Structures are given as C-alpha cells and as structure tokens.
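Me: I would like to learn how to read a few features from a model. Could we take disulfides, a sheet and a loop residue in turn?

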Amino acid sequence: MTKQNSLPTSKSTRTFFYLALGSVGLAIGVHFYLTLHHLELKYGLAVGSSICNLSAQFSCTAASLSKFSELFGVPMALWGAMTNAALFIWALVYLLSDDQAKSSSRVGIMALSTFIASMSVLMLVISLTKLSQLCPFCIATYVLSAVTWVGFWKGAPAPPLPKSPLAKSSNLPAKNLVFTAVGIFIATFIIYTGVKKNYSTDSKGFDAQINAYLQDWRTAPALTLIPVEPLIKGNPDTNAKFTIVEFADFRCGHCKTAATTLDAFIKVHPDARLVFQTYPLDGECNSAIPQASGTSCYLARAFLCASKLQKGWEAHDWIFNNQDKMSSTDAARANVELMSKDLGIDPAALKACTETEETRKAIEGQAALGRQLNIKGTPTVYVNNRLLPLGNVLTVLQRAYDSVHAQ
C-alpha cells in the first residue's frame, strides 16, 4: 500500500496554503528586524532613524521602549519570531506528510496560528489603549497573523478521520503541542543569549556597571547648571521632574548614536525634558582642547544659527545623519549650504549668522560651561543636574527615570 503525500488538488486550496506559508516567512523576518532594533536601542547602539519610524505617531522605536516590549526580559518580537518559526515547521510537516499524519500536523498548525492571531489581537489592543505611538511593523505582523490564520484554515483542510478507534483517541497532537511550546521557550532563550552577545558581551557585568553608575548619580551633589542658548525638546517646563542635559560634538560618532537614543526616549516620555548643548572637541572655540581644526566649531555655529531660524532639531538631525561628509571645514561649509536648501533656510542668512561675534561667543559659552563641569569627552549626559555615566544608553536612562518617579 502506498502512502498519499500531497496537498489537496484544489488550486484555490493550494493557493491559500502557500499564501499562509509565505505570510509566516515574512512575519519571521519582520519580527527579527524588530528584535535587532530593540537590542540596538537597549544597548545604545542604534544610529539614525529606523525605516519603521514613519512619523511621531507611527514609530517602532517608541514601541520598543515601552514596558510591553519584553516578556521575561526577552523582546516580544523574538517570541513572535520563534513562534512563527515553529508554525513554519509544522506547515512543512503537513506539506510532506501522508494523509494519516496530516491530521496531527494540522492540529499543530491551527493551534499555533490561532495562538499567534490571538496574541496579535491582544498586542493591538495594548497598542491602541496603552501606547501614545503605534508601531507600523508591529501592525504589519498583526495583519500577517490574520492572513496566516485564514490561509491555513482554507489551505490545510483536515484529512479524513482514521478508521481505527485507537487512532481517534490518540493524544499525540496534544503531546506534540506541549513539546512545541517547550521547544519554543528553550530555543528563544538560547537564541536570545547568543544574539545578545553581539551587543553586550557580559550582561551581568553590564548590569552591575549600570547599578554602580546609578548609585553614583543618586548620591552625587546637584550642580549649578545653567545652559547657554539651549535647544529643548519634550516638556517645556523648566522645573520638569526629569531633565536631561546633553553635551555633544557634531563630529563624534557616539554622539550620533546618542541622538537616536535620546530622541526615542523623549518621544516615549513626553514629561521628560531634553536640553542640548554643543561641546566642540575643537581648540578654535574650546580652550580645553589643544588641537584646533575649526570644523566642529563651525558646525556648532551653523547648528545654533539654524536653531535661531526655528530649524534647530532639523539641523541637529541633518548634521548627524551626514556626519561622514564633514571631514574638513571646507566640506562642512559645502554641506551646511546643502542643509540650508534641504531645510528651507536662507543660505545667505545662515552664513552671515555663523560669522557674527554673537554666535561665536555663544558657542564659546557652551564650551566654557562644559569646561566648568570638567567634561572629558562626548557625549556627556546630566540628569537633574547630576552627571549620569552612560546616560546615552537607553537602559541607564530608563532606570534613572524609574528611580526619580519612584520617589
């Protein structure tokens, strides 16, 4: 006797099955992207804006920072990726099985696809009711889960019931589902541990370091910190309960990364206040630096002038996004001219502003403030007038924020 080993011959049925299979594969890819994005943010390694950040309202970055983004310390996106991977395996088993085995594999397919669809509904409700921003790629996974469920329901019909009463009462599908659940749990933690090593080689050491830094920050005396012509984002209240002051150099690679982290943090915590100050690592305007190229000082002046022309944060982001093109002062001048056109700033007005004595004095004043604080490098972050080491890392900022709001 030969075994039947084929999908139902109906063309529409096959189409639904392959549509569901493709939907699962796409969902795995999207979930892994969200997982890596989450880890980059968590460990302060994200650079620039994610392709998933469409606007202030639709942002994957904001969703990644919410308290609902992890389960047992593991990104929800990775749980989604591994569950979909298990579903993909069940679908392949169904595809390659004979009719007698298809019954068991179909139970696995429908159980997992129903679970994934149900979790998608739950996460969508949380997104709509608990989060101020929506995650476009997360919504995409919710849609894919619905497509998957419908596709498998239509494309993986149950084969004829076996004639043997013993086969009917078999608890093999239930056992397989238990093994699948345990496998997903174990595999997720194993993969997460491996992937996380690319971002933090010693997570326990990293946590201990964070705890030590937070303790130093809590016990440090508050300093008198009066920003010079600051650019402000978030809570406009000068007495905000959580105020971040960042000192940065526009040619500093770590400052470019910090810009992404701080922007995301403020979007998720609108009650927090971000104050930006330049600290050019350039002796032309900063006497604490022996080398003088003039490039960082010029970029600081161009940014300040753009800020005065109501394009401060746009210029801040533009300069960091084009940082690799600022190799010299001449290159910086040429690119700032391009920036003015991109941002709709009058190039002549911007150029004239960068050369005024008032602008030069303001940047020297920001550098002087940094020297008074004995800043050693950039980015340097103060929270509530106290130095917060690694304050450009999301995990550190979040713990400091929780500490302040717990008081």
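The dialogue below goes through these features one by one.

Me: What kind of model is this?

Reply: The model is predicted.

Me: How many disulfides are there?

Reply: A disulfide is called when two cysteine sulfur atoms lie within 2.5 Å. By this rule the count is 3.

Me: What does the pair Cys 135 and Cys 138 look like, and which hand does the disulfide have?

Reply: The sulfur atoms of Cys 135 and Cys 138 are 2.3 Å apart. The hand is read from the torsion about the S-S bond, here about 75°, so this disulfide is right-handed.

Me: Are Cys 135 and Cys 138 buried or exposed?

Reply: Buried means under 20% relative accessible area. Cys 135 has 5% and is therefore buried; Cys 138, with 18%, is buried as well.

Me: What about Cys 285 and Cys 297: how far apart are the sulfur atoms, and which hand results?

Reply: The two sulfur atoms are 2.0 Å apart. The torsion is about -90°, so the disulfide of Cys 285 and Cys 297 is left-handed. Cys 285 sits in the loop between strand S5 (273–278) and helix H10 (295–308), while Cys 297 belongs to helix H10, so the pair ties together parts 12 residues apart in sequence. Cys 285 is buried at 10% relative accessibility, and Cys 297 is buried at 0%.

Me: Which parts of the chain does the pair Cys 305 and Cys 353 link?

Reply: The disulfide between Cys 305 and Cys 353 has an S to S distance of 2.1 Å, and its torsion of about -85° makes it left-handed. Cys 305 is in helix H10 and Cys 353 in helix H13 (residues 347–354), so this pair links distant parts of the chain, 48 residues apart. Cys 305 is buried, with a relative accessible area of 0%; Cys 353 is buried with 17%.

Me: In which sense do S3 and S5 pair, parallel or antiparallel?

Reply: S3 and S5 pair in the antiparallel sense, over 4 bridges. Gly 234 stands opposite Arg 273 in S5.

Me: Last, the loop residue. Where is Asn 235, and what does it contact?

Reply: Begin with its place in the chain: Asn 235 is in the loop between strand S3 (231–234) and strand S4 (243–248). With a relative accessible area of 18%, Asn 235 is buried. A polar atom of the Asn 235 side chain lies 2.9 Å from the backbone nitrogen of Asp 237. Leaving aside neighbours within four places in sequence, Asn 235 is in contact with Ala 240, Pro 270, Asp 271, Ala 272 and Arg 273.

Definitions and conventions: Residues numbered from 1 in each chain as written. Predicted model: local features only at pLDDT ≥ 70, side-chain atom pairs only at ≥ 80, totals over all residues. Heavy atoms only, no water. Helix = DSSP H or I, 4+ residues; strand = E, 2+ residues; numbered from the N terminus. Buried < 20%, exposed > 50% of the residue type's maximum accessible area, 1.4 Å probe, protein only. Polar contact = N/O pair within 3.5 Å; in protein donor to acceptor, adjacent residues only side chain to side chain. Contact = heavy atoms within 4.5 Å. Pairing = 2+ DSSP bridges.
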